[in-house]
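Visitor: I am new to this structure and would like to go through it with you. Could you bring it up, please?
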Amino acid sequence: MWLELQWRNFSDQFYDNFIKDNRWRYMTNGLVNTLTITVVALALGLAIGFVIAYIRVTHDNTGKLRPFNSIARLYLTVIRGTPALVQLLFIYFVIFANSSLPKILVAALSFGINSGAYIAEIFRGGMMSVDKGQSEAGRSLGLNYGQTMWRIIMPQAVKNALPALGNEFITLLKETSIAGFVAVQELTKGADIIRSRTYNAFMPLTAAAVIYLGIVLILEKLLGALEGRLRRSDHR
Amino acid sequence: MITVKGLRKRFGDAEVLRGIDEHVEQGEKVAIIGPSGSGKSTLLRCLNLLETPSEGEVWFEGVQLTAKNTDVDRLRRKMGMVFQHFNLFPHLTVRKNITLAPVLLGLQTQAEADENAGRLLKRIGLTDKAAEHPGRLSGGQKQRLAIVRSLAMKPDVMLFDEPTSALDPEMVGEVLDLIKELAAEGMTMIMVTHEMGFAREVANRILFMDEGVIVERNTPGELFGRPQSARLRDFLSKVL
Ligand SMILES: Nc1ncnc2c1ncn2[C@@H]1O[C@H](COP(=O)(O)OP(=O)(O)OP(=O)(O)O)[C@@H](O)[C@H]1O
Ligand SMILES: [Mg+2]
């Protein structure tokens, strides 16, 4: 009897929150936006991180690229020293205040610039963890610095950095939830809109949390499988 | 073929090479011996500029490597180097370890390089390992692969830095045999080694280093038979 009542209650709430007025669309559209921002930001972050790490390591190894290195260090300091939300608001309301770019793209840009700094440090650590003998072997065969870097050091560095990169991917996914602050309707914002319509916080927020958790678990599985495959391909 | 003039190398305050003058002719096999920390590796690494000399000149085939505008990368193609710890590329297959440099540098097409790699792998008996990664190989196999990786560049001189000291004793022989083969084929070689028997057998000249200078240089027979300096006598009494 009690159970039946609970069930009735639950299904009413479920109807209210997700079925009525097609409210589930806030969740699915939100999810699509969340994934879009994450993927675009990750691609941008990887590109920025790669370049910054290359500049930093090359400067430390050879003393070249000094001006670029100064810029890279300034970028790292600013991005890692300020909250992602402040960066997002700044980019949205100051830098792109008068632009007609879609909001979602501006948000992706902001997250990409943010995560680029963390990815740069991850790559740099990966490159420094490659044995010095590797670059000596490359150079002694007549390869130049760049060839040695791209063909010998980088592939091993990426492999070393993979677990940390996976973490960064997961962090990024969750961090996109602050995009709601600039009125991007991603997953968290979608859930919050439902809450404001139904005055029920539990249902939509639980749904959002379960979806985030589900994606994270899937990502962890995929990354684990990838790491395992790479590890099997070469044990020294 | 290789000439060193007034070579000095400092690491911070420590002067590790304190004035080296030496000349190696084409076809010579020169062994460098001496106590640990005497600067043998540093000297060898100065020859292909893995270490930048602090003072002095290094000449290779009539070109001054230490001059400002020398294309060192180009000259290194002709100087093979074999390291104590192999330094194979773990992310590449055995075959790709051999073909990477000649192909990347545009000296051979991938097909030519693969064919050449096939010959080299056959020579060291690793044909069936071509598609595997070097992590699967034994120490002796790794070092022999490292040697033929250098040979794929068709070098004019080979530099060896203690090629057998990281090996289990039972694998030393197979590596030394390969080096002896190269010597017999006329390869110019400079080798830092702790294997005195090997040095005596293969080298036509031996340099004895101590504290950053070449203390004695002589044929193996003379150097081992009639050591001139107290330092060499002392060293030989410990290692022989
Ligand atoms: N990169 C470096 N920075 C500082 N000191 C160094 C460096 N490389 C070598 N040294 C020092 O230079 C000295 C000579 O080193 P080197 O490796 O040339 O000796 P070695 O004769 O090859 O000795 P071993 O037989 O142990 O290999 C040592 O005291 C070593 O600590
Ligand atoms: Mg040494």
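Visitor: How many salt bridges are there between chain A and chain B?
Guide: This is a predicted model, and the count between chain A and chain B is two salt bridges. One of them joins Arg139(A) to Asp73(B), with the closest N and O atoms 3.0 Å apart.

Visitor: And how many residue pairs are in polar contact?
Guide: Between chain A and chain B, six residue pairs are in polar contact, counting pairs with both residues at pLDDT 80 or more.

Visitor: Which helix of chain A supplies the largest share of the side that touches chain B?
Guide: Helix 6 of chain A does, with eight residues. That side of chain A divides into five nonpolar, 10 polar and nine charged residues.

Visitor: How much area do chain A and chain B bury between them?
Guide: They bury about 2100 Å², and 59% of this lies on carbon and sulfur atoms. In chain A, the residues that lose the most area to chain B are Ser140(A), Leu141(A) and Arg151(A), together 29% of what that side buries.

Visitor: Changing topic: which residues of helix 9 of chain B are buried?
Guide: In helix 9 of chain B, residues 230-239, the buried ones are Leu232(B), Phe235(B) and Leu236(B). Seen down the helix axis, these buried residues fall within an arc of 95 degrees, so they line one face of the helix.

Visitor: What does the face turned away from the buried side carry?
Guide: That face of helix 9 of chain B carries the exposed residues Ala230(B), Ser237(B) and Lys238(B).

Visitor: What do the buried residues pack against?
Guide: The buried residues of helix 9 of chain B pack against several elements of chain B, including strand 3 (29-33), helix 7 (196-202) and helix 8 (220-225).

Methods
Residues numbered from 1 in each chain as written. Chains lettered and ligands numbered in written order. Predicted model: local features only at pLDDT ≥ 70, side-chain atom pairs only at ≥ 80, totals over all residues. Heavy atoms only, no water. Buried area = accessible area lost by both parts, 1.4 Å probe. Salt bridge = Lys/Arg side-chain N within 4 Å of Asp/Glu carboxyl O. Polar contact = N/O pair within 3.5 Å; in protein donor to acceptor, adjacent residues only side chain to side chain. Helix = DSSP H or I, 4+ residues; strand = E, 2+ residues; numbered from the N terminus. Nonpolar A, V, L, I, M, F, W, Y, C, P; charged D, E, K, R; others polar. Buried < 20%, exposed > 50% of the residue type's maximum accessible area, 1.4 Å probe, protein only. Arc of directions from axis to C-beta. Contact = heavy atoms within 4.5 Å.
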